[in-house]
Amino acid sequence: MKKLVYLISPNKIHNDFYDDLKKVLSARNVKFFQLRLKKIKKDKIVKIAKKIKKITRKVNVKLIINDHPNISKITNADGCHLGQKDMNISKARSIVGDKIIGVTCHNSIRLAKIAIKSNAT
């Protein structure tokens with residue numbers, strides 16, 4: 001059985017990152033790539049996400065944008081990921097439609113049940 005990987009970006013994206021990402025994704029064992037950039041201006045995240053989307057699309061990897069459903073929509077990413085202090089799931093759903101919404105649950109069954117009830121996917 002082939003194991004699949006959920007890959008999360010480093011905190012900073014440098015120019016050589018894109019070539020490294022292409023190499024990693026070419027192994028075809030990554031199913032999801034989460035762009036998780038904290039303390040970066042939104043316009044810069046959009047620019048980076050658009051470059052990454054071109055790469056992920058070619059190898060059928062789902063691109064998930066952390067914290068920003070609006071950026072997910074703008075860049076046509078496959079979904080978004082929300083932390084407990086981010087926007088609520090119903091508001092995010094109104095932005096991204098039927099795309100993926102992941103939610104941080106901190107290893108908590110209670111939080112997982114809430115996410116499921118709120119239609120996280």
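Predicted model: local features only at pLDDT ≥ 70, side-chain atom pairs only at ≥ 80, totals over all residues.
Local features need pLDDT of at least 70, and side-chain atom pairs count only at pLDDT 80 or more, while totals for chains, interfaces and linings use all residues. Residues are numbered from 1 along each chain as its sequence is written, and side-chain values use heavy atoms, with hydrogens and water left out.

The largest nonpolar core holds 21 residues. A nonpolar core is a set of buried Ala, Val, Leu, Ile, Met, Phe, Trp, Tyr and Cys residues joined through side-chain atoms within 4.5 Å. Buried means under 20% relative accessible area, exposed over 50%, and partly exposed in between (1.4 Å probe, protein chains only). Within this core, Phe-33, Leu-35 and Ile-52 touch the most other members. At least two core residues come from each of α1 (17-25), β2 (30-35), α2 (42-58) and β3 (62-66). Helices (H or I, at least four residues) and strands (E, at least two) are DSSP runs, numbered from the N terminus. Helix α2 gives the largest share, six residues. A separate core has ten residues, including Ile-89, Ile-95, Leu-111 and Ala-115.

Leu-35 has contacts on several segments. Contact means heavy atoms within 4.5 Å. Neighbours within four places in sequence aside, the partners of Leu-35 are Ser-9, Ile-13, Ile-45, Ile-48, Ala-49, Ile-52, Leu-63, Ile-64, Ile-65 and Asn-66.

Two of these partners were examined further. Leu-63 lies in strand β3. Its relative accessibility is 0%, so Leu-63 counts as buried. Beyond four places in sequence, Leu-63 touches Phe-33, Leu-35, Ala-49, Ile-52, Lys-53, Thr-56, Ala-77, Asp-78 and Gly-79. Ser-9 sits in the loop between β1 (5-8) and α1. Ser-9 is also buried, at a relative accessible area of 8%. Not counting residues up to four places away in sequence, Ser-9 touches Phe-33, Gln-34, Leu-35, Arg-36 and Leu-37. Ser-9 and Leu-21 are twelve residues apart along the chain, and 9.4 Å separates their C-alpha atoms.

Helices α1 and α2 pack against each other. Two packed helices are described by the angle between their axes and the distance between the axes. For α1 and α2 the angle is about 30° and the axes are 10 Å apart. Axes are lines fitted to C-alpha atoms, for helices over the stretch in contact, and angles run from 0 to 180 degrees between N-to-C directions. The pair is therefore roughly parallel (under 35 degrees; over 145 is roughly antiparallel, 65 to 115 roughly perpendicular, the rest oblique). The crossing is right-handed, meaning that the near helix is turned clockwise from the far one by less than a right angle. On α1, the contact is made by Phe-17, Tyr-18, Leu-21, Lys-22 and Leu-25. On α2, Ile-48, Lys-51, Ile-52, Ile-55 and Thr-56 take part. Seven of the contact residues are nonpolar, one is polar and two are charged. Here Ala, Val, Leu, Ile, Met, Phe, Trp, Tyr, Cys and Pro count as nonpolar, Asp, Glu, Lys and Arg as charged, and the others, Gly among them, as polar.

The loop between β5 (100-103) and α5 (109-117) contains His-106. Asn-107 is found in the loop between β5 and α5 too. His-106 has a positive phi, near 50°, and is not a glycine. Asn-107, also not a glycine, has a positive phi of about 60°. His-106 is exposed at 58% relative accessibility. Asn-107 is exposed at 82% relative accessible area.
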